[in-house]
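Me: Can you walk me through this one? Keep it short, please.

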Amino acid sequence: MKNMLLLTCFSVLAFSAAAQAQYKAGGYIGNTETADITLVEQINNLPDDAYVTMQGKIISKIGHEKYTFQDKTGTIKIEIDDDDWNGVTVGKDDTVQIQGEVDKSWRKPTKIEVDFIQKVPAQK
């Protein structure tokens with residue numbers, strides 16, 4: 001019985017360490033080429049609070065902490081809190097990868113609440 005308990009505890013610790021290794025600075029830092037990318041056109045089919053990774057450009061600032069994000073399928077409003085930028089600066093020509101939650105409300109248009117943003121290196 002003690003061996004079973006010890007094995008269970010070890011398994012839980014090993015799984016926890018592997019899961020934590022995928023997170024840094026508030027979001028998953030994965031390979032930008034192999035991450036599961038959600039497209040703007042797919043957002044309406046997702047539930048509220050679904051966590052997404054998106055890749056595209058921030059094409060305009062529309063208010064305090066509010067921006068318009070665009071990928072090859074369309075545009076969506078995003079919200080990036082000032083403290084979530086983590087020193088990243090982007091221009092309208094920079095490609096970024098964002099991660100955050102779908103925010104659906106019956107009174108407001110769907111948006112993405114961004115938890116993490118990083119620049120995607122330019123393709124050569």
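Reply: First, a term: two strands pair if DSSP finds at least two bridges between them. Strands (E, at least two residues) and helices (H or I, at least four) are DSSP runs, numbered from the N terminus. One caution: this is a predicted model, where local features need pLDDT of at least 70, side-chain atom pairs count only at pLDDT 80 or more, and totals for chains, interfaces and linings use all residues. Residues are numbered from 1 along each chain as its sequence is written, and side-chain values use heavy atoms, with hydrogens and water left out.

Me: OK. Which residue in S7 does Val102 stand opposite?

Reply: Val102 faces Ile112 in S7. Ile78 also stands opposite Ile112.

Me: How do S5 and S6 each run against S7, parallel or antiparallel?

Reply: S5 (residues 74-80) runs parallel to S7 (residues 111-119), with four bridges. S6 (residues 95-103) runs antiparallel to S7, with eight bridges.

Me: What holds strands together in general?

Reply: Strands of a sheet pair through backbone hydrogen bonds, either parallel or antiparallel.

Me: And what is the overall sheet, and in which order do the strands run?

Reply: It is a closed barrel of five strands, in the order S3-S4-S5-S7-S6, with mixed pairing. On average, neighbouring strands are turned by 55° against each other, direction ignored. For that angle, axes are lines fitted to C-alpha atoms (for helices, over the stretch in contact), and angles run from 0 to 180 degrees between N-to-C directions.

Me: How many bridges pair S3 with S6?

Reply: Seven, in the antiparallel sense. Lys57 stands opposite Thr95 in S6.

Me: New topic. Which residues have the most contacts inside the largest nonpolar core?

Reply: Met54, Ile58, Phe69, Ile78 and Ile112, in a core of 18 residues. S3 (51-63), S4 (66-71), S5, S6 and S7 each give two or more residues to this core. A nonpolar core is a set of buried Ala, Val, Leu, Ile, Met, Phe, Trp, Tyr and Cys residues joined through side-chain atoms within 4.5 Å. Buried means under 20% relative accessible area, exposed over 50%, partly exposed in between (1.4 Å probe, protein chains only).

Me: What does Phe69 touch?

Reply: Leaving out residues up to four places away in sequence, its contacts include Val40, Met54, Ile58, Ile78, Val96 and Ile98. Contact means heavy atoms within 4.5 Å.

Me: Now charges. How many salt bridges are there?

Reply: Four. The rule is a side-chain nitrogen of Lys or Arg within 4 Å of a carboxyl oxygen of Asp or Glu.

Me: What about Glu79 and Lys111: how far apart are their closest N and O atoms?

Reply: They are 2.6 Å apart, in a salt bridge.

Me: Which other residue meets Lys111 in a salt bridge?

Reply: Asp103 does, at 3.9 Å, N to O. Asp103 counts as partly exposed because its relative accessibility is 21%. Salt bridges that share partners join Lys66, Glu79, Asp103 and Lys111 into one network.

Me: And where does Asp94 come in?

Reply: Asp94 forms a salt bridge with Lys119 (3.8 Å, N to O). Asp94 is in the loop between S5 and S6, and Lys119 is in S7.

Me: Last one. What is the phi of Glu65?

Reply: About 65°, a positive value although Glu65 is not a glycine. Glu65 is in the loop between S3 and S4. At 15% relative accessible area, Glu65 is buried.
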